[in-house]
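Biologist: Please take a close look at one part of this model for me, the pocket. Start with the fold that surrounds the topic, then go into detail.

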Amino acid sequence: MAGNWKMFKTPAQTKDFFAAFLPLVAESKHCEIAICPPFVNIAAAVDAAKGSRVGVGAQNLYWKNEGAFTGEISGPMIKASGAEWVIIGHSERRQFFGETDATVLERTKAALAAGLKPIVCVGEMLAEREANQTDAVLTTQFNGGIAALSPEEFAQIVIAYEPVWAIGTGKVATPDMAADAHRTIRGLVNAKYGADAASKVRILYGGSVKPDNVKGLMAQPEIDGALVGGASLEAASFASIVNF
């Protein structure tokens with residue numbers, strides 16, 4: 001269960017969140033929990049999460065370790081800050097910041113080289129869903145952004161299915177729709193990396209996950225967790241998703 005805070009909260013607000021959140025998930029041993037705040041809040045989150053089972057992640061990284069890349073943050077910097085996870089290829093990065101399947105692959109390899117655990121996102125736009133192109137889009141994104149990983153590299157990533165039309169819109173893929181997409185992704189993994197890898201890979205659903213719909217989504221055997229946006233910003237809300 002991963003929370004993506006996007007561009008919200010200050011370091012002080014981050015500390016307040018963890019003070020409220022940690023007691024609510026102290027006994028939540030059924031899943032891994034991660035919070036991905038903005039870069040400037042990572043240190044505060046790592047400090048606040050110390051001694052708990054909650055991991056901290058970043059929302060992006062650059063694929064070079066250092067250099068004249070103003071405004072970018074590298075994998076080794078994120079790792080040194082105490083974070084364990086990093087989100088890669090989120091639909092908002094694709095939509096607003098020119099992310100491509102090729103750069104998703106570069107970032108994923110860089111994250112692994114830095115010892116981070118990547119959550120690699122795939123998903124279709126509304127027009128693609130309405131044109132029955134979901135499987136084709138997922139195939140293209142998988143082949144371009146993931147399939148060049150070695151089996152050893154692939155074993156270390158988590159995949160998140162994020163239908164772009166369901167992010168921040170209040171629209172949610174029905175549990176059956178989400179499970180179908182997850183099944184497609186798992187089939188792609190099976191074809192490329194084999195049945196064992198397909199059974200072991202964790203595929204998260206991301207797209208307006210909330211306390212009132214998480215149970216139906218998580219009842220689907222194909223769905224292994226959630227990448228939660230807005231509903232992860234409030235401690236009680238995200239805790240109730242974690243403890244579905």
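How many helices and strands are there in the protein? And which residues lie nearest the centre of the largest pocket?

Modeller: This is a predicted model: local features need pLDDT of at least 70, side-chain atom pairs count only at pLDDT 80 or more, and totals for chains, interfaces and linings use all residues. Residues are numbered from 1 along each chain as its sequence is written, and side-chain values use heavy atoms, without hydrogens and water.

The protein has 12 helices and eight strands. These are DSSP runs numbered from the N terminus (helices: H or I, at least four residues; strands: E, at least two). The radius of gyration is 17 Å, close to the 18 Å of the globule rule for 244 residues, so the protein is as compact as a globular protein of that length. That radius is taken over C-alpha atoms, and the rule is 2.2 Å times the number of residues to the power 0.38.

Next, the barrel. Eight strands close it in the order S1-S2-S3-S4-S5-S6-S7-S8, with parallel pairing. Pairing requires at least two DSSP bridges between two strands. From one strand to the next, the twist averages 30°. Angles run from 0 to 180 degrees between N-to-C directions, with axes fitted to C-alpha atoms, for helices over the stretch in contact. Helix H12 (residues 235–242) packs on the sheet and touches S1, S2 and S8. Contact means heavy atoms within 4.5 Å. The direction of H12 makes about 145° with that of S2. Strands S3 (residues 54–58) and S4 (residues 85–88) are joined by two bridges. Ala58 has Val86 as its bridge partner in S4.

Now the pocket. The largest pocket holds about 510 Å³ of space. A pocket is an open set of points on a 1 Å grid over the protein atoms alone, where a 1.4 Å probe fits, with protein on both sides within 12 Å along at least five of seven lines; lining residues have an atom within 4 Å of a point. Grid points are joined across faces, edges and corners, and the volume is the space filled by probe spheres set on them.

Its lining has 20 residues, and Lys6, Met7, Gln59, Arg93 and Phe97 lie nearest the centre. Helix H4 (residues 91–97) gives the most, four residues. By class, the lining has 11 nonpolar, five polar and four charged residues. Here Ala, Val, Leu, Ile, Met, Phe, Trp, Tyr, Cys and Pro are nonpolar, Asp, Glu, Lys and Arg charged, and the others, Gly among them, polar.

One backbone detail remains. Lys6 lies in the loop between S1 and helix H1 (11–24). Its phi is positive, about 55°, although Lys6 is not a glycine.
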